[in-house]
Amino acid sequence: MGDLPEDDPFAALLADHADFVDKLTELEATLDEMMATRDASEENEILLDESVRFFEEELLPVLAAEDEVLLAPLEKAIGRYGTLVNVVGYEHDEIRRGVDKFRAATRELEADASWAAIQETNRHGIFLVQFLWDHFRKERMSLFPTARERLPAADLERIRKRFAP
Ligand SMILES: [Fe+2]
């Protein structure tokens with residue numbers, strides 16, 4: 001992000017997304033290990049718990065904030081249907097459903113670390129890893145540039161303040 005101006009309205013949000021990608025990489029490594037060993041070690045289970053905490057406490061609030069300060073004003077500026085607003089809003093709902101399924105799968109795994117429970121946790125976990133990776137890329141490459149062009153300055157300032165560390 002070296003070429004972004006310091007006061008870019010999306011600088012803090014892009015930094016959050018980069019942190020989230022690191023967390024997803026850790027989750028992917030744990031899932032790969034469980035699939036290779038057909039087992040869930042104590043460290044694997046700790047990392048799965050941490051991933052659920054991360055999704056609930058860090059990721060979901062950011063999606064809600066994006067809906068509120070980014071998608072809502074952008075809908076006023078460019079409309080919803082046939083635009084990125086609809087696509088990204090739909091993806092946020094898909095991510096929320098994915099988090100619910102992943103949380104349920106990890107609970108099952110904690111109760112009984114069967115091969116079926118490992119596979120189910122892997123399925124929902126890998127879905128989230130891949131879907132989020134693509135989602136963040138879409139926001140970075142398409143949604144944020146559109147917002148920079150089309151939103152009034154006051155809306156961009158509200159976005160900058162909302163995600164400021
Ligand atoms: Fe998003």
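Start by selecting Gly-79, which is partly exposed at a relative accessible area of 24% (buried is under 20% relative accessible area, exposed over 50%, partly exposed in between, with a 1.4 Å probe and protein chains only). The model is predicted, so local features need pLDDT of at least 70 and side-chain atom pairs count only at pLDDT 80 or more, while totals for chains, interfaces and linings use all residues. Residues are numbered from 1 along each chain as its sequence is written, and side-chain values use heavy atoms, with hydrogens and water left out.

**Stop 1: the loops at either end of α2**

Gly-79 sits in the loop between α2 and α3. This glycine follows α2 and has a positive phi, near 85°. Apart from residues up to four places away in sequence, Gly-79 touches Leu-74 and Val-85 (contact means heavy atoms within 4.5 Å).

Now select Arg-38, in the loop between α1 and α2. Its phi is also positive, near 55°, and this residue is not a glycine. Most residues other than glycine have a negative phi. Arg-38 is exposed, with a relative accessible area of 53%.

**Stop 2: the whole chain**

Zoom out and colour by secondary structure. The protein chain has five helices and zero strands, running α-α-α-α-α from the N terminus on. Helices (H or I, at least four residues) and strands (E, at least two) are DSSP runs, numbered from the N terminus. Along the principal axes, the C-alpha atoms fill a box of roughly 55 × 35 × 20 Å. Of the 165 residues, 40% count as buried. Take the contacts between residues at least 6 apart in sequence: 77% of them join residues at least 24 apart.

**Stop 3: the nonpolar core**

Select Phe-10, Phe-55 and Leu-59. These residues have the most contacts inside the largest nonpolar core, which has 43 residues. Each of α1 (11–37), α2, α3 (84–111), α4 (115–150) and α5 (153–163) supplies at least two residues of this core. The largest share, 13 residues, comes from α2. A nonpolar core is a set of buried Ala, Val, Leu, Ile, Met, Phe, Trp, Tyr and Cys residues joined through side-chain atoms within 4.5 Å.

Keep Leu-59 selected and show its surroundings. With neighbours within four places in sequence left aside, Leu-59 is in contact with Phe-20, Phe-54, Ile-95, Leu-132 and Phe-136.

**Stop 4**

Move along α2 (residues 42–78) to Glu-66. This glutamate is buried yet has no salt bridge (a side-chain nitrogen of Lys or Arg within 4 Å of a carboxyl oxygen of Asp or Glu). Its nearest side chain of opposite charge is that of Arg-96, 7.7 Å away; for charge, Lys and Arg count as positive and Asp and Glu as negative, while His and the chain ends are not counted.

What does the side chain of Glu-66 make a polar contact with? The partner is the side chain of His-92, at 2.9 Å. A polar contact is a pair of N or O atoms within 3.5 Å; within protein, one must be able to donate a hydrogen and the other to accept it, and residues adjacent in sequence count only if both atoms are side-chain atoms. Beyond four places in sequence, Glu-66 is in contact with Leu-13, His-17, Leu-71, His-92, His-135, Glu-139 and Phe-163.

Next, select Asp-67, where α2 bends by about 35°. The bend is the angle between axes fitted to the seven residues ending there and the seven starting there.

**Stop 5: salt bridges**

The structure holds 19 salt bridges. Select Arg-148 and Asp-8, whose side chains meet in one at 2.7 Å, N to O. Because Arg-148 lies in helix α4 and Asp-8 in the segment before α1, the pair ties together parts that are 140 residues apart in sequence. Arg-148 is partly exposed at 29% relative accessible area, whereas Asp-8 is buried at 6%.

Return to Arg-96. This arginine forms a salt bridge with Asp-93, the closest N and O atoms being 3.0 Å apart. Arg-96 is partly exposed at 26%, as is Asp-93 at 37%.

Elsewhere, salt bridges that share partners join Lys-23, Glu-50, Arg-53, Glu-57 and Glu-58 into one network. End the tour at the Arg-53 and Glu-58 salt bridge (2.7 Å, N to O). Arg-53 counts as partly exposed at 26% relative accessibility, and Glu-58 counts as partly exposed at 27%.
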